[in-house]
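Subject: A structure for you to look at

Hi there,

Here is the structure I promised to pass on to you. Please open it next to this email, so that you can find each residue as you read.

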Amino acid sequence: MDLSLIIMQLFSGIALGAVLVITALGLTIVFGMLGVVNFAHGALFMIGAYAGLYLASLTGSFWWGLLLAPVLVGAFGMLIEFVLVRRLYGRSIDDPLLLTFGLSYILVEGVRIVFGSDGIPFPTPSQLVGVVDLGVGFFPKYRLFVIALVAVVLVVLWLMLEKTRVGLIVRAGARDPMIMRVLGVDIGKVWLAIFGLGVGLAALGGVLAGPMRSVNPEMGTLVLAEAFVVTVIGGLGSIVGAVVAGLMVGICISMVALFAPEMATIVMFALMAAVLLVRPQGLFGLKGRA
């Protein structure tokens, strides 16, 4: 087999991994900082794709869809947290899981009623149509853009959480909300922002994935499974783990698809099982969360 084909497939895996990273990151931030397993994450990924497609069609620009969809869907996520999820803090972890599980069905069926069940193509922006010669082969411009944008988002997110006062308040509020209340911090606003951020990242993943696959009501189902696999492999609540595991899973799926396409979906579950046998808490997880 040609070496250049293997290298191009590796790049395809990185592009797929980038979408998984940004999607799983939203899931792991919400769990790591709020202790909430958001089972509606895949449905919100799908809502983001539809919102991006609608806004791109409305404005005539993919870039407006890319910019506005995560913001609007993130705001919708904040509404979900304020009206529904907030009432379940401090209760069993199963309660918000069951709530968001039911919410996911409502969102999927709502989209199916409005847009139908058929897939809708999401046009690639004209500026990113075509391929780039990487020296060892030609690779789609759009997928290179996805890799670059996710890298920028990761850097910005890390700087925000680690180097700013807002990030300090968010991390402290997630670790000890009682102390933050004593210090006069409105912890409710912190939780609201965290949940909105997680949902916004899911929506961003949906918009980025749109041109690489058709937009349909069921597109979030497999993505939810992939995001959970990435989160478990990386370690529940670990941001670094989500990044490393997302790239691992994307590359594994892509490389296995080259040699045994029928095994491409199964390989991520096999990888998860192998990691859990060695480290039940995941690659970067804490033992207390195993």
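Below is what I found in it, going from the overall fold down to single residues.

Some ground rules come before the details. This is a predicted model, in which local features need pLDDT of at least 70 and side-chain atom pairs count only at pLDDT 80 or more, while totals for chains, interfaces and linings use all residues. Residues are numbered from 1 along each chain as its sequence is written, and side-chain values use heavy atoms, with hydrogens and water left out.

**The overall fold**

The protein chain has 11 helices and two strands. Here helices (H or I, at least four residues) and strands (E, at least two) are DSSP runs, numbered from the N terminus. Starting at the N terminus, the order of elements is α-α-α-α-β-β-α-α-α-α-α-α-α. The radius of gyration is 19 Å, close to the 19 Å that the globule rule gives for 290 residues, so the chain is as compact as a globular protein of that length. That radius is taken over C-alpha atoms, and the globule rule is 2.2 Å times the number of residues to the power 0.38. Along its principal axes, the C-alpha trace spans about 60 × 50 × 35 Å.

How much of the chain is buried? Buried residues make up 48% of the 290 residues. For this, buried means under 20% relative accessible area, exposed means over 50%, and partly exposed is in between (1.4 Å probe, protein chains only).

**What the record says**

The unreviewed UniProt entry carries the annotation "transmembrane region" for several spans, including residues 142–161 and 190–210. UniProt positions are given in the numbering used here, feature names are shortened, and annotations may be inferred rather than shown by experiment. In the model, residues 142–161 are 100% helix and 0% strand, with their end C-alpha atoms 28 Å apart. Residues 190–210 are 95% helix and 0% strand, and their end C-alpha atoms lie 30 Å apart.

Helix 8 (residues 187–209) has 23 residues and reaches 33 Å from its first C-alpha to its last, close to the 33 Å expected at 1.5 Å a residue. The expected span is 1.5 Å times one less than the number of residues in the helix. Is helix 8 mostly covered or mostly open? It is mostly covered, with 20 of its 23 residues buried. Leu-201 lies in this helix, and its relative accessibility of 6% is why it counts as buried. The C-alpha atoms of Leu-201 and Gly-48 are 9.2 Å apart, although 153 residues separate them along the chain.

Arg-213 sits in the loop between helix 8 and helix 9 and is partly exposed, at 30% relative accessible area. Its C-alpha atom is 7.6 Å from that of Phe-122, which is 91 residues away along the chain.

**Salt bridges**

A salt bridge here is a side-chain nitrogen of Lys or Arg within 4 Å of a carboxyl oxygen of Asp or Glu. By this rule the count comes to four.

- Glu-81 pairs with Arg-86, with the closest N and O atoms 3.0 Å apart. Glu-81 is buried at 0% relative accessibility, whereas Arg-86 is partly exposed at 25%.
- Arg-91 and Asp-95 meet at 3.1 Å, N to O. Arg-91 is exposed at 52%, and Asp-95 is partly exposed at 24%.
- Glu-218 pairs with Arg-112, the closest N and O atoms being 1.9 Å apart. This pair links distant parts of the chain, 106 residues apart: Glu-218 is in the loop between helix 8 and helix 9 (219–234), and Arg-112 is in helix 4 (residues 94–115).

Glu-109, Arg-112 and Glu-218 are linked in a network of salt bridges.

**A nonpolar patch**

Which residues make the nonpolar surface patch of about 420 Å²? They are Phe-76, Leu-79, Phe-82, Val-83 and Leu-84. Patches are made of residues with over 30% relative accessible area and no salt bridge: like charges are joined within 9 Å, and nonpolar side chains (Val, Leu, Ile, Met, Phe, Trp, Tyr) within 5 Å. Accessible areas come from the Shrake-Rupley method with a 1.4 Å probe, and for residues only the protein chains shown count as cover. Phe-76 lies in helix 3 (residues 62–83) and is partly exposed at 32% relative accessibility.

Happy exploring!
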